Every structure is written in structure tokens, then in C-alpha cells.
Amino acid sequence: MNTLKSAEDVLALIEREKVEVIDLRFMDFPGLWQHFSVPVGEIELATFEDGLGFDGSSIRGWQAINESDMIVTPVPETAFIDPFLAHKTLVLICNICDPITGEDYPKDPRNIARKAANYLQSSGVADVAYLGPEAEFFVFDDIRFDQNEHSGYYFLDSVEGRWNTGRDEGPNLGYKPRYKEGYFPVPPTDSLQDLRSEMMLTLEEIGVPIECQHHEVATGGQCEIDMRFGPLVEMADKLLKYKYVVKNTAKKYGRTVTFMPKPVFNDNGSGMHTHLSFWKDGKNLFAGDKYAGLSQTALHAIGGILKHAPALLAFTNPTTNSYKRLVPGFEAPVNLAYSSRNRSAAVRIPMYSTSEKAKRIEFRCPDPSSNPYLGFSAMTMAAIDGIINKIDPGSPLDKDIYDLPPEEAAQVEKTPGSLRDALAALRDDHEFLLKGDVFTPDVIETWIEYKLENEALALDLRPHPWEFALYYDI
């Protein structure tokens, strides 16, 4: 477990561990970890106050070329020894600052998350938001893709893929999870146990506590490793470490990991069900005597999340591929309702434990393509809005949604059907995100325009392979 608290602690660790390289990491706007490295001699006590300069003009969604200089300021408590690099390297997650004013950069996703945590406290609603994301992923043995003016395709493969039962593998041993039946047979059908265990143990070594690991529902190598919950900013930091360790452990063994929400057609996609609770003075504000053991505060938080869900999904489900997972069936949480039983409801109340400390709500829509700093912040802001404005979530939906009569099913609101729809919802509904200057108007506008131009429109322009099957002979 990481016990580093100060710059002095980090410098002592550097000396004790004979660190050779310092790797400075930060998050770009859409959600990819970025880094640059310096020799160990470049880091001193003043660095943690003054930071180090770099060119921010090439970071997606950030500064223009004429205002490109930025400062990275290392955060001591985020330090860890990289478990993969040949030279002993200490990683430090950084905040981004303006070199002239010294102020936190508004488009730094980590800064937005810090502001969300601070706004929660200043609002008087709670002291801390605890989040627990369950990020699923696929482990593949091969992935190839391309699209140009005259061709477009993707090809993925996994030794576990049910589609390979007839392949000559010299020999084919036949233990391949059936479609939608990967949850959770023992080895040899689960061929990834040792790989996931190494991922899990590596995560624990770098200070990310793990609760369990297992195979997931889909064939072809779908997995999940569950981290223990934590405060908002810390949990977002840990999710970046999680993705880094999972991808690099797989690469070590010649395999590849994707957090794409829907890489495999006609089987379950990868979600990131995210648990949320608010605490104040050491007490869980979401525990009470209302529905499913929740408090009235928790029900109002659910009301906020459900009211703002279409706009939230622009951050929690921020890719065009996200909406190939959010379709009816496959346990997809497409219904904007809450329930203690129904897994296709957007908000579920886990009933694993009746303990007051364990009481929480689970937002099931998010997927692991999201930028966690932005997604977790938006969730928290929606819940705060629900509590402050006492938003009624309505009645729970405990019936099987797929067995509802058509007229009753039609009354249950649904999640947006595309990224474009979610971005339109965000354009219409973002005032709750601007409270406390957590998200700024510029951040909202930049997000919408970046996603429309670089993703939604880019996909619109390209023929899809299935369109040839549908239309070539017309």
C-alpha cells in the first residue's frame, strides 16, 4: 500500500530504491494517459511546487499552438515504481498548470475531478464521494483493422473464441466458452486465470487494492478485475493504473487488451458499472430505511442521476462504440429506472450486504472507454443536484422489463441511442455541471465539438462493411 504523503517521502523513496528515471504522467482531454520522462537528477523538492514545463499544443483538446507552454506539477501521493520498464522508473501523476498565472488548467481532467470533490464538500451535502468502478475488458490474441478509400475491415481473434471450435490448432482442445456463457467456468475453459492473477497481484504491488478477479460473460476472453472503492480523484487515478497494468501484463505474454465497449458482435459488451455513496462525518449518507435500505438522500441522488442520465452519458459512454453495447438485451442497462433486482435498469441497488457501510447505488450505464476524471465528476455532480433539489426518482421498476406489456414498457425512458444523441442532451442539459465552476462552459463546448468532429462525423463519412451486405445489389 502506498504510504507516500509528501515530496520529502518521494525523494527518500527515490534514493532508497535507487530510481534512475522519473516518468511524469497526465491525462489528455478525451482520456488517454500521456507521459514524458526526465533523469532522476531533474527532480528536487522545488519541482513539486514549481513543476516542469512542456509543450501542450499537441495534446488532444488542449491549447492552441500560440499558447502551448504548460506546467506539470507532480502529486507526491500518486508515486509508484513502474513494474514493467527495464530501468527503475518512478511514476508520478501530475496536475496541469498555466505557466504564467500558476493556476490549474481548466481542461485538465484531473483538475475537474479535484473541483468536483471540493464542490461536494463546499455544498455541505457530504465530505467525500466514494466510487467503485467495475471495468470489464477483452483479452485477444490478435487484432487487425484498417479503413481507407477502397477497403475497411477489422479482424480479432482469441484462442477462447467460440468461433474457433472448428479450427485446426494442432490440436484443438475444445475448451472455449459458449457465447454468453463465460461467467464463470473453471479452467481449462477459463484459460486466463493465471494472466488475471498476475494482473491482480501487480496492481496490489503498486497500491491498488483488489477485491476479486474473474472471467466475464462473453466468449473470446472477456474479463473483470474489481478494485476496492475509494474517493473520487484517487479512484480515477487508480483506474488509469488499472488499465496500464492490465494492458502491459497482457503484452508481456504476446496478448492484447481492449476496453472498447463492444468489440464482439452478438455477445456481451464491456461495461463499467460504477458504485457511488456519499459520506459525512464518517457516516454513510446513503443508508436508511427507505426502498432497499436506502436513505431519502440516496433516493434524491438517484433522481439526479436519472434526470441527467442522457447528458451524463456524453461523459460516461463517450464513444460511438459505446452505443453498440447500450441496446436491449445482453443485460444492457438501457432503461432509465432504478431497481434492487433488475439489471437492465440504469441504477441498481446492490443487495449483497445489509451492512450500513456497504449501502450504495450502482450506475450501470458507464463503460471503460470513459475518461474517469470526467465520468466520475459528472456522476457526482448529478447526484449532488438531485440531493440539493430533492429530485424524486419515481417508483422503482422491479418487474422484468422485457416482460412488460408494450404500453407499460413505452413509459420507461431509455438511454440515448447514439453518441450524437448524448452530446445533444449534454448541450441542452449541463447547468448542473457548471456549479462550483467544476466544468466550465469552454470545457463543455470543447467536449461536444471534439466528439462530434473527430468521432461521430468521422464515422458518418465512412461506409460500413455491413452496408455492402445490405445494399450492394440494389
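Biologist: Hi! How much space lies in the second largest pocket?

Modeller: About 790 Å³. A pocket here is an open set of points on a 1 Å grid over the protein atoms alone, with protein on both sides within 12 Å along at least five of seven lines. The volume is the space filled by probe spheres set on the points, and grid points are joined across faces, edges and corners. Keep in mind that this is a predicted model, where local features need pLDDT of at least 70, side-chain atom pairs count only at pLDDT 80 or more, and totals for chains, interfaces and linings use all residues. Residues are numbered from 1 along each chain as its sequence is written, and side-chain values use heavy atoms, with hydrogens and water left out.

Biologist: Thanks! How many residues line that second largest pocket, and which lie nearest its centre?

Modeller: The lining has 41 residues, and Glu 134, Glu 224, His 273, His 275 and Glu 362 lie nearest the centre. A lining residue has an atom within 4 Å of a point.

Biologist: Which element gives the most to the lining?

Modeller: Strand E7, with six residues. Strands E10 (210-215), E11 (222-227) and E14 (272-280) also give two or more residues to the lining. Strands (E, at least two residues) and helices (H or I, at least four) are DSSP runs, numbered from the N terminus.

Biologist: And how do the lining residues divide into nonpolar, polar and charged?

Modeller: 15 are nonpolar, nine polar and 17 charged. Asp, Glu, Lys and Arg count as charged, Ala, Val, Leu, Ile, Met, Phe, Trp, Tyr, Cys and Pro as nonpolar, and the others, Gly among them, as polar.

Biologist: New topic: which peptide bonds are cis?

Modeller: Among them is the bond joining Gly 170 and Pro 171, with omega about 5 degrees. Another joins Pro 187 and Pro 188, where omega is about 10 degrees. Pro 171 lies in the loop between E9 and helix H4 (193-205), and Pro 188 is in the loop between E9 and H4.

Biologist: What about phi at Ala 292?

Modeller: Ala 292 has a positive phi of about 55 degrees although it is not a glycine. Lys 390 also has a positive phi, near 50 degrees.

Biologist: Are Ala 292 and Lys 390 buried or exposed?

Modeller: Ala 292 counts as buried because its relative accessibility is 17%, while Lys 390 counts as exposed at 58%. Buried means under 20% relative accessible area, exposed over 50%, and partly exposed in between (1.4 Å probe, protein chains only).

Methods: On a 1 Å grid over the protein atoms alone, a cavity is a set of points where a 1.4 Å probe fits but cannot get out, and a pocket is an open set with protein on both sides within 12 Å along at least five of seven lines; lining residues have an atom within 4 Å of a point.
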